[in-house]
Amino acid sequence: MAMTCNAASTMKRALRVIQHRGQESAGVAVFDGRIKSLKGMGLVHEVLCGREFDMLSGNVGIGHVRYSTTGTSSPENSQPIVVSTSAGELALGHNGDIVNADKIRMKLQSEGWAFLTSTDSEIIVRLLANELTQTTDAVRAIKNTMRVLDGAYSLTVMIGGRVFGIRDPLGFRPLCIGKLQNGYAIASESAVFDILRGEFIRDVAPGEIVEITPGGFTSSRVPSPLHSAHCMFEWVYFARPDSIVDGKEVYELRKNIGRKLAEEQPVDADVIVAVPDSGRGHALGFSEKSGIKYEEGFMKNRYVERTFILPEQNKRDEGVLLKLNPIKSTVAGKRVVIVDDSIVRGTTMRKIVEMVRRAGAKEVHVRIGCPPVRAPCYYGIDMKTREQFAATNRTVEQIAKMITADSLGYTSVKGLVEALEISENDLCLACLTGEYPSNVPGEKTRYQQTLEAHI
Ligand code: AMP
């Protein structure tokens, strides 16, 4: 995120609002004649504190929370990345994944460039720094950099004291503009503006470069393809339910998906429970459409870390047990439907089905808002290899058996698209269909964009 107004403390609050988007590292860079930054491993309130934080003055800045997809989870990969060039200082925060990062890195290394980190984000910052040494026109330097990049990137960039928000031409990851009480801001999610008592203005368009100015913002564009590729998983799982992503409130769409799921995968049961928190909207929609009552089914321990990103299977199992416990009066003696947003590896759901049975459920049915995840994501969600997916080489019945459920049902891809009320051509559904909206080496392209369209 980026903003102009007593930057460090406002950004700390704002970053806490989007903490769910990344919990590995956090950081801010502010401009006060020169760029100063503070970043490190941990949650926002753990990193942005103490004397060093209090010393960060300036009313222009950018901030970042990291969830690693490319590059290891380590201190040197935390962001914003700050570099110094002959043209001045530059800071950058990146959300997404650059598909052609390895190719660019190899080419640049062969030309004698050196890299400090394993991230694709460093490649962007180095390309941009190089462009800035060739032209004094910052927007032109940004456009020239965008021309080389392929893949997903929502960026905040600070060039000296100028702040920009940039979205890739296919608009994979969200980015939006808001007005605060004494300035403007750009953030991944609109909930930030609510909490800062500001106002959501609009989404940054795919291919748009927005510069925040003291009185507002200016906008320019790079030519973009006719269709976008908004990641469906933002609405299904990733974004906060109270955010508006590309004009659609996340909570409303989750309920829509739940209604569609109930239509497509009906079940005879006594009670619907949601896997908190991201399953709640889906479950409420399912309950509304099916007429089966919704109840709180689990106590969630909010102090336990995310189990999805734990590296070892036994730690993930342990993590799920620590995190969730069924409410016995809800499930005992009942035919229970557990609704969640997604199954990736199936680890979480197998443990949940087991615990609900142990709590006395008579039958356990599982309904999932997201269609089966079958193909890797190259655009910023950490789902990288086919072998890890429960749906690889398994039928739905086999997955049901694997998670020990009495029945299992997913929303269809067609049903999901209808529920999102967005044209299929403007969505990225690659992890569901295996057809990618941009050229990914070794994968099938959904529709061939003309090369000129990217320039
Ligand atoms: P799994 O155990 O791999 O099937 O994980 C699925 C669970 O993790 C679901 O409850 C989702 O809410 C959550 N989840 C799905 N995708 C992700 C992701 N990329 N990062 C973190 N959590 C996720």
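Ser 74 sits in the loop between strand 4 and strand 5; strands here are DSSP runs of E with at least two residues, helices are runs of H or I with at least four, and both are numbered from the N terminus. Ser 74 counts as buried, at 12% relative accessibility. Buried means under 20% relative accessible area, exposed means over 50%, and partly exposed is in between, with a 1.4 Å probe and protein chains only. The side chain of Ser 74 makes a polar contact of 3.1 Å with the side chain of Thr 72. A polar contact is a pair of N or O atoms within 3.5 Å; within protein, one atom must be able to donate a hydrogen and the other to accept it, and residues adjacent in sequence count only if both atoms are side-chain atoms.

The model is predicted, so local features need pLDDT of at least 70 and side-chain atom pairs count only at pLDDT 80 or more, while totals for chains, interfaces and linings use all residues. Residues are numbered from 1 along each chain as its sequence is written, and side-chain values use heavy atoms, with hydrogens and water left out.

The loop between strand 4 (60–66) and strand 5 (81–85) also holds Pro 80. The peptide bond that leads from Gln 79 into Pro 80 is cis, with omega near 5°. Asp 277 belongs to the loop between strand 17 (271–274) and helix 10 (280–290). Most peptide bonds are trans, and most residues other than glycine have a negative phi.

Arg 197 is not a glycine, yet its phi is positive, near 55°. Arg 197 lies between helix 7 (191–195) and strand 11 (199–203), and its relative accessibility of 62% makes it exposed. Thr 404, also not a glycine, has a positive phi of about 60°. Its loop connects helix 14 (396–402) and strand 22 (407–410), and Thr 404 is partly exposed, at 34% relative accessibility.

Val 60 is in strand 4 and is buried, with a relative accessible area of 11%. Val 60 and Val 163 are 103 residues apart in sequence, and their C-alpha atoms are 7.3 Å apart. Leu 38, in strand 3 (residues 35–41), is buried with a relative accessible area of 9%. From Leu 38 to Arg 254 the separation is 216 residues in sequence and 36 Å in space, C-alpha to C-alpha. In helix 10, Leu 284 is partly exposed, with a relative accessible area of 27%. Leu 284 and Ile 272 are twelve residues apart in sequence and 8.3 Å apart from C-alpha to C-alpha.

Next comes the nonpolar interior. A nonpolar core is a set of buried Ala, Val, Leu, Ile, Met, Phe, Trp, Tyr and Cys residues joined through side-chain atoms within 4.5 Å. The largest such core has 39 residues, of which Met 232, Tyr 379 and Leu 420 touch the most other members. The elements that give two or more residues to this core are helix 8, helix 9 (250–264), helix 15 (413–420), strand 23 (427–428) and helix 16 (430–433). Helix 8 gives the most, with five residues. The core lies between domain 1 (2–227) and domain 2 (235–436), because both domains give residues to it; the domain bounds come from an automatic or database domain assignment.

The ligand is surrounded by 16 residues, and the closest are Tyr 237, Asp 340, Asp 341, Gly 346 and Thr 348.

Helix 8 (232–238) and helix 13 (347–358) are the elements that give two or more residues to the shell around the ligand.

Conventions: A residue is near a molecule or strand if one of its heavy atoms lies within 4 Å of it.
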